[in-house]
Amino acid sequence: MGSGAGSFLKVVANNFDILAGPVVSLVYPLYASIRAIETKSSEDDRQWLTYWILYSMITLFELTFAKLIEWIPFWSHAKLIVTCWLVLPYFSGAAYVYEQYVRPFFLNPRSINIWHVPRKEDIFSKPDDILTAAEKYMQENGPEAFEKLISKAEREAKSRGSNRTFYDDNY
């Protein structure tokens, strides 16, 4: 009888993640959700609604990438640990993930157009890079700094023997 019990415990220990997964991810959350519905507090309702949202997202991820996930040997252990973190009220993992990642994503929707093909711009529609750079420099440093830069460049040009200035139209 001792070897039968030992074999049973060995099977349970080797398959703990498979056996505990449904209990942690389904049985306890179902029980806690029913209790939350029966209370007047909305805080526990929010905890369990966020958990079920995340559980649905995990399940969709698993269904979508099932062929890839079956090659990851520690997936069931990692999922059990993450699910425990999401489920246990001590950690409030579901509320944290929802508030930090899911909620901002849905409150600030960004549309992605997968059919967008950028147009080629012709050379005449592109603004002059020198003018753009000068405007940016003046915005960041002020027009006085730009005037000092022009004066310095003119002095250097004159010291090299060139009589041209930046203001000449004959340049």
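T50 sits in helix α3, which runs over residues 43-64; helices here are DSSP runs of H or I with at least four residues, strands are E runs of at least two, and both are numbered from the N terminus. The model is a predicted one, so local features need pLDDT of at least 70 and side-chain atom pairs count only at pLDDT 80 or more, while totals for chains, interfaces and linings use all residues. Residues are numbered from 1 along each chain as its sequence is written, and side-chain values use heavy atoms, with hydrogens and water left out.

With a relative accessible area of 4%, T50 is buried (buried is under 20% relative accessible area, exposed is over 50%, and partly exposed is in between, with a 1.4 Å probe and protein chains only). A polar atom of the T50 side chain lies 2.7 Å from the backbone oxygen of Q47. Leaving aside residues up to four places away in sequence, T50 touches A94, A95 and Y98, where contact means heavy atoms within 4.5 Å.

Turning to the charged residues, the structure has three salt bridges, each defined as a side-chain nitrogen of Lys or Arg within 4 Å of a carboxyl oxygen of Asp or Glu. One of them pairs E99 with R46, at 2.5 Å from N to O. This pair ties together distant parts of the chain, as E99 belongs to helix α6 (residues 93-107) and R46 to helix α3, 53 residues apart. E99 is partly exposed at 29% relative accessible area, and R46 is also partly exposed, at 40%.

E99 has another partner in R103, with the closest N and O atoms 3.8 Å apart. Both E99 and R103 lie in helix α6, four residues apart, or about one turn of the helix. R103 counts as partly exposed, at 35% relative accessibility. Through shared partners, salt bridges join R46, E99 and R103 into one network.

A further salt bridge brings E62 and K79 together at 2.9 Å, N to O. Here too distant parts of the chain are linked: E62 is in helix α3 and K79 in helix α5 (residues 75-87), 17 residues apart. E62 is buried, at 18% relative accessible area, whereas K79 is partly exposed, at 23%.

As for the record, an unreviewed UniProt entry annotates residues 18-37, 49-68 and 80-98 as "transmembrane region"; its positions follow the numbering used here, feature names are shortened, and annotations may be inferred rather than shown by experiment. In the model, residues 49-68 are 95% helix and 0% strand, with end C-alpha atoms 29 Å apart. Residues 80-98 come out at 74% helix and 0% strand, and their end C-alpha atoms lie 18 Å apart.

Methods. Polar contact = N/O pair within 3.5 Å; in protein donor to acceptor, adjacent residues only side chain to side chain.
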